[in-house]
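Subject: Handover of a structure and its findings

Dear colleague,

Please find below the structure that I am passing on to you. The findings follow directly after it.

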Amino acid sequence: AKETGKARCVVYSARHSGPPEHDISLEAAMFQAVREGEFLLYYQPIVDARTREIEGFETLMRWRHPTLGMVPPVRFIPIAETNGLINLLGAWALKAACVQLKQFEEVAKRSLYISVNISPRQFRNDKFLDVLDDAMAFSGLPGEKLVLEITEGTLMIDPAHAETILTKMADRKARIAIDDFGTGYSSLAYLKRFPISVLKIDRAFIRDLPGSQKDGAICNAVLDLAKHLGLNVVAEGVETEDQLAYMQDRGCQYIQGYLTGKPMAAHVAMAALRERTYA
Ligand code: C2E
Ligand code: CA
Ligand code: CA
Ligand code: CA
């Protein structure tokens, strides 16, 4: 009984200071999952708003747990970010995604690009540029086919360091996308200072379109800003024809959302590419 009490106490203290109790067992399971190869990558199409042709894919990590089923990234990415496992998982994802894109292009018989999420901790890691070079060298993928998605928060932690890393990414011709644009705590000055290529408008601003006047005003302002700065815009989380039409009418070039393609396993993505090519 004493042992039980003690164990419980440990759990309680962890729960008060850190992630929820449930996630402590998830964290333990994650190390096992890495050894067992339970992590996999899904790919969500990013399409041309006008033609709906697939231009590229965003890489989204999945964890297929033998008993829990699919664990969503919102559950495990924050844990991996805390314990550092994100460096290992992120390096694997970057390399695997670059290799996968080559296969996608072979099937599609045309040029595509691959977009990969980079977490704040990965971005700040000393080895990050080595990881990037390794992925590009191993896959043979030219930098211009690679988009790295980072958030405003990642840039703001240490702007001087961010500028150094982003410049080196640009030297490799990799493009930088600002993910969840408009939701972070940041200043617009960084759009001038850093070599950014793409703004991804967060789903929160798309969800209530075309009804919401405020969201419409925000989307219009972002599109206008992007146009004058020479940036591409991707509207995230587009679920309806009305949302697509609204964004397309206002000059948004790229769409990503359930309407034009959910995140899917690589073989499903290849079937989609094949269909379009040979239709
Ligand atoms: P995110 O980077 O903003 O990714 C977009 C999320 O929106 C994905 O959720 C995607 O499935 C979802 N989504 C796309 N279209 C729609 C739509 O039309 N409606 C709705 N309701 N949702 C849509 P997912 O795959 O669950 O990923 C959640 C977050 O986890 C990502 O947000 C990203 O922050 C993180 N994440 C996922 N994979 C990775 C990864 O490999 N590395 C890192 N560092 N983070 C990742
Ligand atoms: Ca993203
Ligand atoms: Ca996003
Ligand atoms: Ca998001």
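In what follows, Ala, Val, Leu, Ile, Met, Phe, Trp, Tyr, Cys and Pro count as nonpolar, Asp, Glu, Lys and Arg as charged, and the others, Gly among them, as polar. By this scheme, the shell around ligand 1 holds seven nonpolar, five polar and seven charged residues. The model is predicted: local features need pLDDT of at least 70, side-chain atom pairs count only at pLDDT 80 or more, and totals for chains, interfaces and linings use all residues. Residues are numbered from 1 along each chain as its sequence is written, chains are lettered from A and ligands numbered from 1 in the order in which they are written, and side-chain values use heavy atoms, with hydrogens and water left out.

The ligand

Ligand 1 is surrounded by 19 residues, each having a heavy atom within 4 Å of it. Met-61, Arg-62, Asp-179, Glu-239 and Tyr-258 are the closest.

Several polar contacts were found (pairs of N or O atoms within 3.5 Å). A side-chain N or O atom of Asp-179 is 3.0 Å from an oxygen atom of ligand 1. For Arg-203, a polar side-chain atom lies 3.1 Å from a nitrogen atom of the ligand. Tyr-258 contributes a backbone N or O atom, 2.8 Å from an oxygen atom of ligand 1. Taken alone, ligand 1 exposes 810 Å², of which the protein buries 82% (Shrake-Rupley method, 1.4 Å probe).

Strand E2 (54–65), helix H3 (73–83) and strand E6 (175–181) each give two or more residues to the shell; helices (H or I, at least four residues) and strands (E, at least two) are DSSP runs numbered from the N terminus. The largest share, four residues, comes from E2.

Aromatic pairs

The whole structure contains seven aromatic pairs, that is, rings of Phe, Tyr or Trp (its six-membered ring) with centres within 6.5 Å; planes under 30 degrees apart count as stacked, over 60 as edge-to-face and the rest as tilted. The ring centres of Phe-39 and Trp-63 are 5.3 Å apart and their planes stand at 35 degrees, so this pair is tilted. Phe-39 belongs to strand E1 (residues 39–48) and Trp-63 to strand E2, 24 residues apart, so that the pair links distant parts of the chain.

Backbone

Most residues other than glycine have a negative phi, and most peptide bonds are trans. Leu-209 and Pro-210, however, are joined by a cis peptide bond, with omega about 0 degrees. Pro-210 is placed in the loop between helix H10 (203–206) and helix H11 (213–229). Lys-109 has a positive phi, near 60 degrees, and is found in the loop between helix H4 (85–108) and strand E4 (113–117).

With kind regards

Key:
A polar contact is a pair of N or O atoms within 3.5 Å; within protein, one must be able to donate a hydrogen and the other to accept it, and residues adjacent in sequence count only if both atoms are side-chain atoms.
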